[in-house]
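Look over the sequence and the 3D structure shown here. Then read on for a short tour of selected features.

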Amino acid sequence: MTIKHHLTEQLLMGYAAGTLPEAFNLVVASHLSMCDDCRATLAAYEEIGGALLEEAGVAMSTGGLDSALARLDTRAPEPVRPAAPGALPAPLRSYVGGDVDAIRWRSVGGGVKQAILPTSESASARLLFIPAGAAVPDHGHRGMELTLVLQGAFADETDRFVRGDVEVADQDLEHMPVADIGADCICLAATDAPLRFTSLIPRLLQPFLKI
Amino acid sequence: MKGTKRSNATDWVDHVRRIRDRQDQQAFRELFEHFAPRVKGFVMRGGTDAAFAEECAQDVMATLWRKAHLFDPSRASVSTWVFTIARNRKIDLIRKQRRPEPEDLTWGPEAEPDQADVLGLQQETEELGRAIAALPEKQRNLIEKAYFGDLSHSEIAEQTGLPLGTIKSRIRLALDRLRHAMK
Ligand SMILES: [Zn+2]
Ligand SMILES: [Zn+2]
């Protein structure tokens with residue numbers, strides 16, 4: 001695996017603590033499915049959660065243990081079934097309802113297509129299809145935008161991103177991602193604030209595209 | 001809640017194994033007495049009332065019983081495992097969100113893990129706990145707020161640099177050990 005662009009420590013900590021919006025959790029879980037490095041870092045942040053848990057405590061009411069014992073399941077445990085391999089990581093497949101062929105694309109112009117995924121409202125998640133050589137219109141960000149490459153590759157003002165790479169963009173970055181000429185690019189993008197498009201046409205379309 | 005006789009993390013691993021291997025209710029009792037109040041406290045710190053938090057803690061302990069066969073002590077301490085179950089339950093019940101989980105992280109060991117790895121990791125976690133406990137109060141509070149959900153993620157982003165820096169070497173050690181355990 002040649003992943004070069006990883007999740008930030010802040011995102012991994014937020015995922016460990018359970019404080020990120022669902023759309024960001026989806027990007028993090030998808031990247032973790034492809035990246036052992038970040039998974040090891042996450043484990044360390046979860047250990048912090050475990051250590052903190054040891055410190056806090058509020059007494060249970062009497063009878064709490066008995067009612068817990070009464071509801072214990074004595075059936076044999078379910079066997080673990082590993083997810084079948086696919087182009088999309090397993091957490092993403094459960095949001096799409098299948099693999100790449102199950103994505104319900106909608107055109108957003110210029111050959112670019114998107115599929116909005118159902119998440120809680122504090123941030124939105126979408127799959128983006130950028131045809132080989134095509135571009136997402138030049139834009140800035142009002143909040144944080146996470147873009148995870150699932151197929152193909154794209155490049156922008158900062159670097160080139162391949163499968164497994166995640167780009168973390170914020171207010172300071174204005175960019176125009178362009179897909180590699182060799183293959184169509186599919187990305188998972190999540191943002192907690194609307195994008196800021198520099199040219200007029202995308203700006204006019206924005207309310208309809210929910211970007 | 002400190003200074004209880006059963007504070008040894010390796011001991012808790014043994015309890016979970018007793019549940020896995022022979023559905024040992026006595027082991028469950030002891031785990032419950034130690035962890036249920038801690039889970040209740042964790043949930044209440046997120047701003048819910050005691051009755052709801054207690055229900056949540058019961059759920060979490062029932063999950064521990066049901067998933068005992070999935071626990072891998074070479075990857076996490078029992079406290080960490082309980083923390084992740086409680087965190088997911090909290091997201092589920094309080095924030096009413098789905099919790100996407102990564103693909104291979106089933107906590108499922110393929111074979112019985114190496115005893116040295118288990119021991120090393122459990123001790124590492126206890127040391128991490130001591131390192132956190134030894135932090136200046138202000139910094140420890142910040143970390144607690146981040147983990148117990150009183151801070152929004154942008155507030156955490158603004159504030160976490162400092163306390164994380166101070167325990168960075170400890171985290172690095174934990175990281176190295178965890179990476180080794182996961183190879
Ligand atoms: Zn990574
Ligand atoms: Zn962008």
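The model is predicted.

**Helix H4 of chain B**

Helix H4 of chain B runs over residues 78–93. At 1.5 Å a residue, its 16 residues should span 22 Å. Its end C-alpha atoms are 22 Å apart, which agrees. Twelve of the 16 residues of H4(B) are buried, so the helix is largely enclosed by the rest of the structure. Among the buried residues are Trp81(B), Phe83(B), Ile85(B) and Lys90(B).

**Aromatic contacts**

The whole structure holds eight aromatic pairs over all chains. One of them joins Phe71(B) and Trp81(B). This pair is tilted, with 4.9 Å centre to centre and 35° between the planes. Phe71(B) lies in the loop between helix H3 and H4 of chain B, and Trp81(B) lies in H4, so the pair ties together parts that are ten residues apart in sequence. Elsewhere, Phe28(B), Phe32(B) and Trp65(B) form one aromatic cluster.

| Charged residue | Ring | Distance to ring centre |
|---|---|---|
| Lys90(B) | Phe42(B) | 4.1 Å |
| Arg99(B) | Tyr15(A) | 3.7 Å |

**Cysteines**

A disulfide is a covalent bond between the sulfur atoms of two cysteines. How many disulfides are there over all chains? The count comes to zero. Take Cys187(A): the closest cysteine sulfur is in Cys185(A), 3.6 Å away, which is too far for a bond. Cys187(A) is buried, at 1% relative accessibility. Cys35(A) is buried too, at 4%.

Key: Residues are numbered from 1 along each chain as its sequence is written. Chains are lettered from A and ligands numbered from 1 in the order in which they are written. This is a predicted model: local features need pLDDT of at least 70, side-chain atom pairs count only at pLDDT 80 or more; totals for chains, interfaces and linings use all residues. Side-chain values use heavy atoms; hydrogens and water are left out. Helices (H or I, at least four residues) and strands (E, at least two) are DSSP runs, numbered from the N terminus. The expected span of a helix is 1.5 Å times one less than its number of residues. Buried means under 20% relative accessible area, exposed over 50%, partly exposed in between (1.4 Å probe, protein chains only). A disulfide is a pair of cysteine sulfur atoms within 2.5 Å. Rings of Phe, Tyr and Trp (its six-membered ring) pair if their centres lie within 6.5 Å; planes under 30 degrees apart count as stacked, over 60 as edge-to-face and the rest as tilted. A charge sits over a ring if NZ of Lys or CZ of Arg is within 6 Å of the ring centre and within 35 degrees of the ring normal.
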